Amino acid sequence: MKIEFHGAGKMVTGSCHLIECNGVKILIDCGMFQGGRDLDEENRNDFGFDPRSIDFLLLTHAHLDHCGRIPLLVKRGFSGKIITTSATRELARLIVLDSAHIQEEEAKYKKKRALRKGKKESSYEPLYNTVDALNSLDFFVNLSMFQKGYELAPGVQVTFFDAGHILGSTCILLEVREKGVKKRVLFSGDLGCSGRAIIRDPAPAPDSDIVIMETTYGNRLHKQLEPSIDELFEAINTTTNRGGNVIIPSFALERSQELLYYIREGIEEKRLKKNLQVFLDSPMAISATQIFQRHPECYDQEASQIFKSGRDPFDFPGLHFTRETAESMALNKVHGAVIIAGSGMCTGGRVRHHLKHNIWREETGIVFVGYAANGTLARRIINGEEKVRIFGEQYSVRADVHTIGGFSAHGDQQDLLNWHEQTNSPDTTFLVHGEESSMEVFSKLLSKTKVEMPELHQSYEI
Ligand SMILES: [Zn+2]
């Protein structure tokens, strides 16, 4: 049996691992490289294998860095089967169509810029377009059930386990019998942490011989969730009581739904005002919320009970979905409301319009609940810059800025260690999906296993 790493080698994006066993080729994830121009270009390079030769693609979850290159894989000749959970299939559809749209827009912009500079023609083409993305959706078949084995090929069985990371997310176990020897190969995908709202905790990891695991936060411990929810409610109450708007830049998938869930809970527990007005101002977050509403099979016990009692865990009287641009613009006139809008790092999307209208007002509260990379508008506001540029104009930052760190979809060092412990001393552990510094720290904490940190396109006999 052979394993090759064609993404997420000593980095956090581009997840794509290839297993060759019993005459079949199985890909685990086919994600996009993200983070700067060099990595963007990496997406255009050869996959490191022939897409036409792949029999199965098993998808752990719907984040872009795990599913974003699927349309390209199909465009370059993949004709196998894509197997994943039903919730992941729906979310991946949303993510790859959005990605195709963004790439089409970027290509258009770059062509226009080239023409403006007097260049005759620009050869810039999108990585894939909307038609490619739609075509790739035809290859999703045979939806998996959690913890129910499925025979991919003679001697190759696959089982999906709950990863507790985002709706529909899984860890994938391959059980391979080759020349009379049975090996259990476990892919962590991205792992969540225990006790989060909506989705179940990660399932206990099964005994394994080979483990391929993520290490995003292999060197860090998270803040606790409960105090973070208290901070969120406090920020909402103080801001709305003085008549200001609460602007929450948020990622469309998972974090926005978590916010709605906690706000509903806060209203029911009378910790937030009964008539609190909340606007979810992101077409993508609205679509993602509707997908969450359609997949109660992924809920944890608490969310399930709410659903079974006939209520909607993501709805409350003051919630408004503003899908249309005109509705979004009308929010410039509201006061004392909560506005949740993308993008989480304020690099694009409608949140920049809301910042433009509110950031210079003393009564405003801006609440950051997610990761903000260096150089982004979100990071500049978090760092306390007094003036920031939005749409080419300078604005004074007079709003109250809150940074709340306890909401994470990724397990921290302790969660990762606990999960690895459950795999019961595997022969080899491959660390992927993490910065090298994080992997180095984490690798020193693992004992009773050989640790490997593969480079991009590195291959191993296992
Ligand atoms: Zn993820």
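Author: The axes of helix α4 (residues 86-116) and helix α5 (residues 130-137) come within 8 Å and cross at roughly 160°. Helices here are DSSP runs of H or I with at least four residues, strands are runs of E with at least two, and both are numbered from the N terminus. Axes are lines fitted to C-alpha atoms, for helices over the stretch in contact, with angles from 0 to 180 degrees between N-to-C directions.

Reader: Where do the residue numbers come from, and what kind of model is this?

Author: Residues are numbered from 1 along each chain as its sequence is written. The model is predicted: local features need pLDDT of at least 70, side-chain atom pairs count only at pLDDT 80 or more, and totals for chains, interfaces and linings use all residues.

Reader: How are α4 and α5 oriented to each other?

Author: They are therefore roughly antiparallel; angles under 35 degrees count as roughly parallel, over 145 as roughly antiparallel, 65 to 115 as roughly perpendicular and the rest as oblique.

Reader: Which residues of α4 and α5 meet?

Author: R93, V96, L97, A100, H101 and E104 of α4 meet T130, D132, A133, S136 and L137 of α5. Contact requires C-beta atoms, placed from the backbone, within 7 Å. By class, this contact of α4 with α5 has five nonpolar, three polar and three charged residues. Ala, Val, Leu, Ile, Met, Phe, Trp, Tyr, Cys and Pro count as nonpolar, Asp, Glu, Lys and Arg as charged, and the others, Gly among them, as polar.

Reader: What about α7 and α8?

Author: The axes of α7 (residues 255-268) and α8 (residues 283-293) come within 9 Å and cross at roughly 70°, and the two helices are therefore roughly perpendicular. S256, Q257 and L260 of α7 touch A285, A288, T289 and F292 of α8. That contact has four nonpolar, three polar and no charged residues.

Reader: Changing topic, what is the strand order in the open sheet?

Author: Its six strands follow the order β5-β4-β3-β2-β1-β21, with mixed pairing; strands pair if DSSP finds at least two bridges between them. β5 (81-83) and β21 (458-461) are at the edges with a single partner strand each, so one side of each lacks a neighbour in the sheet.

Reader: How do β3 and β4 run?

Author: β3 (residues 24-28) and β4 (residues 56-58) run parallel, joined by three bridges. I26 stands opposite F56 in β4.

Reader: Which domains make up the chain?

Author: The chain is divided into domain 1 (2-220 + 409-461) and domain 2 (225-403), with bounds from an automatic or database domain assignment. Their contact takes 16 residues from domain 1 and 18 residues from domain 2.

Definitions and conventions
Two residues are in contact if their C-beta atoms, placed from the backbone, lie within 7 Å.
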